[in-house]
Amino acid sequence: MIERLLIKNHLSFDEVELNFKEGLSVFTGVSGAGKSVLMNAIMSAFGLSESEARLVELDVRFNFNMSEFGIENEDVNSFKMLKDKSTRYFINSQAISKKNLSQIANEHIKHLCAKQISEFENERFLELLDALVQTDEHRQNLKKIAQVYENFKKVKTELDTIKSDELKIEELKEFAKFEIEKISSVNPKKGEFDELMAIKKRLSKRDKIEQAWARAEQIYEFEHSVVEALNISELDTTFFEEAMNSLRIAKDSLNMDELDDFDAGVVLDRIEALNGIIRRYGSEEEALNTLERKKEELQRYENLSFSKQELEAQFIEISKLQTEISDKISSARKAVINRLETLINSYLNELYMKPVSLLIESKNVDESGADFVTLNLNNTALNKLSSGELNRLRLAFIASSSDILQSGNGVIILDEIDANLSGKEAMSIANVLVKIAKFYQIFAISHQPQLSSKANSHFLVEKNAEKSSVRELKPHERADELARMISGEHISREALEFAKGLLSN
């Protein structure tokens, strides 16, 4: 529910701040006053339209699904459109792209001004049919079909993979054997390459190291003389003795003798072999992982025939189970489809439109079953209907959904849905909207007194010179506005009486 609207610095409106209640809110006023501008401003804060305002801010009480965008719900969520050099959007002070904003808002906002047919998607029809069935068995079957379909997809994917592999099995087996042989022939050890490189480095410097130490060991010949000189000089000899001990420890730690176990040629050959493995696989560890994978692949290829037979048996069994469950679901839906058709047609009749027919056809089984509901409106495609006809059909469907589900949390925005209609047609739309308004908050622009008379809140949009303003009419002001809509600028007594009659009904 939209609780508050703030608009600042618009070409038509300097500043507008409105508070809204639940139910049906109607906006009236002479043509060009700014009613559509106001609706566009509301939708612009949801990223669903454009507005010339510098700032549009909405306070919305609804638990939106926006965790994937890193935004947390608040008791009242703030939607903001800010236009400076560029247009920016915010939810609860957190910036968001227009695309993501509109995705979030579409969950809550229905704009019946556009030619949209999302209400007539198969999933919506199935939802209503399933709600009409209302049996525990049907609910259990819906859960079962979703689970079985997931297993079906898994088995089918595995079977398709095997069938694809069969066509190139020999090539795949040879490639797996080649990879296994290549890695096994080298038989790398984790970290072996780095160890051998360190040994290679020491081998290459061995002669130089030994010659250098041969020269350095001459220092030991003077060790006694240095100690004697320090003693005669009455100086502490500890530092020198410790230094000489450290030198001996460092020399012993070299362990140059252990290099006798390594043949330089063998080490270089091993390094070259490991280097080839590393260039191909990235590291010894990854080469070993690849070796295990290829062994598993080869084993699978060798057992392919057995696996295929086993999966084919599973596939047949799951397909049979899918058909059994989906047939039960279809039977239950077919038993109630006339009830749904009758309910929709009751609203269409109220809206002075021809009836529709609903038919359940078969489709490939998925998580919802094997049913596809088609809607026929005198052999006229939905996209061929006029905007007025399509929107009245959408109203009938929304009203039917609300009746069946006893829910409908959201906002519906209507732009002159009663335009160019007769008085009785306009009143029929008003009556249906009153029923829908028990579940939805509705914003409607109207030039007809019938719809306006049914509003829970009536807002008047006026224009003085170049600027527009909007205010909520008080109860005693509504009759005058309805009379203006009936008779024009000069209000007649008959029009005023008729307006009062509309309000009293």
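Student: Which residues lie nearest the centre of the largest pocket, and how many line it?

Tutor: The lining has 20 residues, and N106, E107, I109, K110 and R124 lie nearest the centre. A lining residue has an atom within 4 Å of a pocket point. This is a predicted model, in which local features need pLDDT of at least 70 and side-chain atom pairs count only at pLDDT 80 or more, while totals for chains, interfaces and linings use all residues. Residues are numbered from 1 along each chain as its sequence is written, and side-chain values use heavy atoms, without hydrogens and water.

Student: What makes helix 7 roughly antiparallel to helix 8?

Tutor: The axes of helix 7 (residues 223–232) and helix 8 (residues 238–253) cross at roughly 160 degrees. Angles over 145 degrees count as roughly antiparallel, and therefore helix 7 is described as roughly antiparallel to helix 8.

Student: How do you know which residues make the contact between helix 7 and helix 8?

Tutor: Contact means heavy atoms within 4.5 Å. E223, V226, V227 and L230 of helix 7 meet F239, F240, M244 and R248 of helix 8. By class, six of these residues are nonpolar, none is polar and two are charged.

Student: At what angle do helix 3 and helix 12 pack?

Tutor: Helix 3 (residues 122–133) and helix 12 (residues 387–405) pack at about 35 degrees, with axes 10 Å apart.

Terms used:
Axes are lines fitted to C-alpha atoms, for helices over the stretch in contact, and angles run from 0 to 180 degrees between N-to-C directions. Helices (H or I, at least four residues) and strands (E, at least two) are DSSP runs, numbered from the N terminus. Angles under 35 degrees count as roughly parallel, over 145 as roughly antiparallel, 65 to 115 as roughly perpendicular and the rest as oblique. Ala, Val, Leu, Ile, Met, Phe, Trp, Tyr, Cys and Pro count as nonpolar, Asp, Glu, Lys and Arg as charged, and the others, Gly among them, as polar. On a 1 Å grid over the protein atoms alone, a cavity is a set of points where a 1.4 Å probe fits but cannot get out, and a pocket is an open set with protein on both sides within 12 Å along at least five of seven lines; lining residues have an atom within 4 Å of a point.
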